[in-house]
Amino acid sequence: MEIEYTICQIQSGEISLAAKTHRRLDGDPRLEVRLTRGRVTWRLLNLVDGTPETLVGMPRRNHVDFYFLYENLKSLLAGFPRPTVPANPDLRLSAVSSAGTERQGGKRVRIVVPVHRYPLLSVELHVVQAPSFSATGIEPYMHMDVESTPTGLYGGETFEIHFGIQANFEITGPFSGSMSSALIQMQPDVYATVHSDMRYL
């Protein structure tokens, strides 16, 4: 399914390695969601932009983030597979606010509505762009909130649903594949809970 924006960024030493794509900048970010026995996999595709850059100033945070426009939520939900188990309210953890700036001197984030945070089984990031790398997130969580979009890209303020992956990322080596992607895996009841929460936004 089509999404609006994906960005994955890992800091390694003094170099920041990124993979991203934005629909408003001629990109084609997409999300695949697959249900298999015992887990649900979200796969972010078409991460074609991004070059390594030397860090200046404060270190950046390692992160995986992706966004849907709020106005597209109803049609996007039709592309999500129907959960196979009930939602579990006990899996809804307290939200972590992303209001403020992502780093000193960085772009300001204006959170509108925090939703929840959810435990994940795993998150992996595989980047083709040189220097290619793979990274694995330790103790990952996914948080969901509603934020305002950058006005410059949209001609004014609109709203988007933001998913952010929190984890301690470790680079596990170079990546020899042909396509950059991020893989996010969760238990079926976590997926059912996220799906339910999206329906009531």
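## Salt bridges, core and buried residues

Guide: At 40% relative accessibility, Arg24 counts as partly exposed. Please keep in mind that this is a predicted model.

Visitor: Which side chain does Arg24 meet in a salt bridge?
Guide: Arg24 pairs with Glu4, with 3.0 Å from N to O. Glu4 itself is buried, with a relative accessible area of 4%.

Visitor: Where do Glu4 and Arg24 lie?
Guide: Glu4 is in the segment before β1, and Arg24 is in the loop between β2 (15-22) and β3, so the bridge ties together parts that are 20 residues apart in sequence.

Visitor: How many salt bridges does the count come to?
Guide: The count comes to seven. One of them joins the side chains of Arg30 and Glu2, at 3.5 Å from N to O. Because Arg30 lies in strand β3 (residues 30-36) and Glu2 in the segment before β1 (5-12), that pair connects parts 28 residues apart in sequence.

Visitor: Which residues are linked in a network of salt bridges?
Guide: The network links Glu2, Arg23, Asp28 and Arg30.

Visitor: Changing topic: what is the nearest side chain of opposite charge to Glu160?
Guide: That is Arg24, which is 8.8 Å away. Glu160 is buried and has no salt bridge. A salt bridge here requires a separation within 4 Å, so Arg24 is out of range.

Visitor: Where does Glu160 lie, and what is it in contact with?
Guide: Glu160 lies in strand β12. Leaving aside neighbours within four places in sequence, its contacts include Tyr67, Phe68, Leu69 and Tyr70, as well as Asp145, Val146, Glu147 and Thr149.

Visitor: Tell me about Thr149, then. Is it buried or exposed?
Guide: Thr149 is buried, with a relative accessible area of 4%. Its place is the loop between β11 (133-148) and α2 (151-154).

Visitor: What does Thr149 touch?
Guide: Apart from residues up to four places away in sequence, Thr149 touches Leu69, Tyr154, Gly156, Glu157, Thr158, Phe159 and Glu160. Thr149 and Leu69 are 80 residues apart along the chain, and their C-alpha atoms are separated by 8.6 Å.

Visitor: Now the nonpolar core. Which residues have the most contacts inside the largest one?
Guide: Trp42, Phe66 and Phe163 do, in a core of 41 residues. Strand β12 (residues 159-173) gives the most to this core, namely five residues.

Visitor: What does Phe66 touch?
Guide: Setting aside residues up to four places away in sequence, Phe66 touches residues including Ile3, Tyr5, Leu31, Trp42, Leu44, Met142, Ile161, Phe163 and Ile184.

Visitor: And helix α3: how many residues has it, and how far does it reach?
Guide: Helix α3 (residues 188-199) has 12 residues and reaches 17 Å from its first C-alpha to its last, close to the expected 16 Å. Nine of the 12 are buried, so α3 is largely enclosed by the rest of the structure. Among the buried ones are Val190, Tyr191, His195, Asp197 and Met198.

Visitor: Which residues have a positive phi although they are not glycine?
Guide: Asn46 is one of them, with a phi of about 65°, and Glu139 is another, with a phi of about 50°.

Visitor: Where do those two sit?
Guide: Asn46 lies in the loop between β4 (39-45) and β5 (53-54), and with 23% relative accessibility this residue counts as partly exposed. Glu139 lies in strand β11 and is exposed, with a relative accessible area of 63%.

Visitor: To finish, how many helices and strands does the protein have, and what share of it is buried?
Guide: There are three helices and 13 strands, and buried residues make up 45% of the 201 residues. The protein exposes about 10,400 Å², of which carbon and sulfur atoms supply 49%. Of the contacts with a separation of 6 or more, 74% come from residues 24 or more positions apart.

Conventions:
Residues numbered from 1 in each chain as written. Predicted model: local features only at pLDDT ≥ 70, side-chain atom pairs only at ≥ 80, totals over all residues. Heavy atoms only, no water. Core = buried A, V, L, I, M, F, W, Y, C linked by side-chain atoms within 4.5 Å. Buried < 20%, exposed > 50% of the residue type's maximum accessible area, 1.4 Å probe, protein only. Helix = DSSP H or I, 4+ residues; strand = E, 2+ residues; numbered from the N terminus. Contact = heavy atoms within 4.5 Å. Expected span 1.5 Å × (residues − 1). Lys, Arg positive; Asp, Glu negative; His and termini not counted. Areas by Shrake-Rupley, 256 points an atom, 1.4 Å probe, with all protein chains shown as cover.
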